Amino acid sequence: MSDGTLKVEWAAINDTIAAIEAFLGEHGVASDDVLALESVNSVPGALTLLALLSRGTSFAFLPAPGSTAPAQPLPRFIRHKISVRSPLAEGRGEPVSPLRPETFLELRAIEDHRPLPEGSPLRRGRLLLRTSGTLDSPKLVVHTHESLLGNALNAVERLALDGADRVLIPVPLAHMYGLGAGFLPAMSVGASVELLEGTNLLRYMERERSFRPTVAFLSPNLCAMLLRPRDTMGHYRHVVVAGDKLSPEAFEKTEALFRRVVNLYGSTEMGVICAADARETEGPRAVTVGRPLPGVTLRLEPQPGSVEGDGSPGDLSCAHPYGFEGYVDNDGEPAPRDADAHDRAGWYSTRDLGRYHPGGLLEVLGRGDHAVKRDGRLVMLAEVERALERLAGVERAAVVVAGETRRGRGIVAFCTPRAGADIEPGALRRACQGALPAYAVPDEICLLPSLPLLPSGKLDRRALQRIAPPPYTPHEASTDHGHRPS
């Protein structure tokens with residue numbers, strides 16, 4: 001395991017984990033204390049994570065606060081906070097040594113914490129993660145250590161990982177994708193793992209040259225960043241992509257650069273739900289996320305007005321043998337479950353819309369609340385985004401609803417230009433009129449230099465909704481609507 005600064009061989013990992021466990025015991029951390037682990041992608045952070053799992057300690061895993069990860073208030077039942085020093089930090093004491101936890105761990109007791117009841121299941125063997133808050137407030141999700149590891153092992157075969165792989169992980173470990181789909185599956189097969197902190201194009205390319213990965217875990221935003229003119233890296237077998245959907249054009253370009261793209265679908269609550277088979281080359285791989293993992297069952301509930309089996313989108317629910325236990329509030333009390341979100345029979349509503357392709361391949365069309373009725377027709381905003389991204393000069397597009405129009409809810413699109421392209425909102429809207437049904441054409445198009453992202457790498461749609469201008473009212477209608485937000 002390495003991070004560009006530190007490297008630990010497999011033979012030394014157990015000794016390092018034992019040193020971290022001893023450090024915690026020496027500093028008064030009891031086996032049933034609930035901790036918060038705050039860390040970037042680094043060898044010390046990953047080793048501390050493994051030590052807490054080995055120890056059976058309950059902990060909340062949080063990204064280190066920074067420009068892309070604002071500080072979050074700690075749950076009130078946290079007893080100690082562990083901050084992991086980044087190996088990239090300079091001038092902060094003696095060099096980091098994996099066998100000396102005092103060189104990279106800072107432990108702080110939380111004096112005003114509220115202890116959990118003695119019998120609380122949160123006291124042992126639980127991992128807590130925050131949801132990304134794509135469209136609503138982040139929630140605190142509870143996994144058992146056993147379900148977390150079971151979920152990771154369940155993904156190994158589908159992702160075709162083995163001990164000879166060199167796996168590059170630039171996505172945050174403090175989110176389920178980086179942790180449950182990337183890091184733990186790779187570690188479980190004994191692969192070499194390279195962690196990347198603070199990903200940018202130059203840092204990624206430098207690590208790519210030195211580490212020569214066979215597999216990498218990317219977000220669509222990272223794919224867009226890496227699609228620059230450069231030589232194809234022949235050492236890759238495939239890259240795994242999850243989060244927002246790649247456009248078919250971006251999928252084709254990514255696959256040309258990295259040999260093969262494996263689309264993956266999951267959530268903070270359920271971990272990996274579906275993944276394409278890394279060994280398959282046929283079928284609609286650009287638009288589907290493969291089949292459910294072993295033991296995972298999906299169902300599609302037809303939307304009002306559609307008939308089951310007619311190819312129309314349906315609301316997607318999931319039953320998973322390694323899913324989450326539930327949500328808790330900041331006092332550790334079970335948060336009320338929305339009966340529609342997680343029923344007593346174990347079905348979890350993903351709030352996504354999906355449809356099946358031949359062979360049981362699932363296409364995820366987007367959030368159910370990322371769709372809108374216009375002129376009595378259902379408009380999938382993700383399909384509007386894909387239409388915009390096919391237009392000349394558009395790098396990425398994001399669409400939100402705002403205000404009302406004579407057709408129904410207003411549609412506002414945000415677009416970023418490709419390097420060197422000069423695009424104009426009115427021209428884009430006129431082009432949409434030839435690419436989309438009239439009821440799906442955005443009412444407003446705004447240009448941005450870049451789209452706002454959450455720490456997980458997903459698009460921050462709530463940020464876009466806050467700045468979306470209301471569409472013109474009917475008497476102000478014009479074919480040249482468009483804005484350039486400052």
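The exercises below, each with a worked solution, walk through parts of this structure.

The model is predicted, so local features are described at pLDDT of at least 70 and side-chain atom pairs at pLDDT 80 or more, while totals for chains, interfaces and linings use all residues. Residues are numbered from 1 along each chain as its sequence is written, and side-chain values use heavy atoms, with hydrogens and water left out.

**Exercise 1. Find the strand order of the open sheet of 7 strands, and name the strands at its edges.**

Solution. Begin with the terms: strands (E, at least two residues) and helices (H or I, at least four) are DSSP runs numbered from the N terminus, and two strands pair if DSSP finds at least two bridges between them. The order is then 4-3-1-2-5-6-16, with mixed pairing. Strand 4 (105-109) and strand 16 (326-328) are the edges, because each has a single partner strand and one side of each is left without a neighbour in the sheet. From one strand to the next, the twist averages 30°.

**Exercise 2. Describe how strand 5 and strand 6 pair, and which helix packs on the sheet beside them.**

Solution. Strand 5 (residues 126-130) and strand 6 (residues 140-144) are joined over 5 bridges in the antiparallel sense, and within this pair Arg126 stands opposite Thr144 of strand 6. Next, helix 3 (residues 145-159) packs on the sheet and touches strand 2 (59-63), strand 5 and strand 6, where contact means heavy atoms within 4.5 Å. The direction of helix 3 makes about 80° with that of strand 6, an angle taken on a scale from 0 to 180 degrees between N-to-C directions of lines fitted to C-alpha atoms, for helices over the stretch in contact.

**Exercise 3. Work out how many residues of helix 2 are buried, and what stands at the two ends of this helix.**

Solution. Buried means under 20% relative accessible area, with exposed over 50% and partly exposed in between (1.4 Å probe, protein chains only). By that rule 12 of the 13 residues of helix 2 (residues 43-55) are buried, among them Val43, Leu47 and Arg55. After the helix comes Gly56, whose phi is positive, near 75°.

**Exercise 4. Examine the hairpin of strand 19 and strand 20.**

Solution. Strand 19 (residues 371-374) and strand 20 (residues 377-380) run antiparallel and are joined by 4 bridges, with Ala371 opposite Met380. There are 2 residues between the strands, and in the turn Asp375 has a positive phi of about 55°.

Definitions and conventions
The expected span of a helix is 1.5 Å times one less than its number of residues. A polar contact is a pair of N or O atoms within 3.5 Å; within protein, one must be able to donate a hydrogen and the other to accept it, and residues adjacent in sequence count only if both atoms are side-chain atoms.
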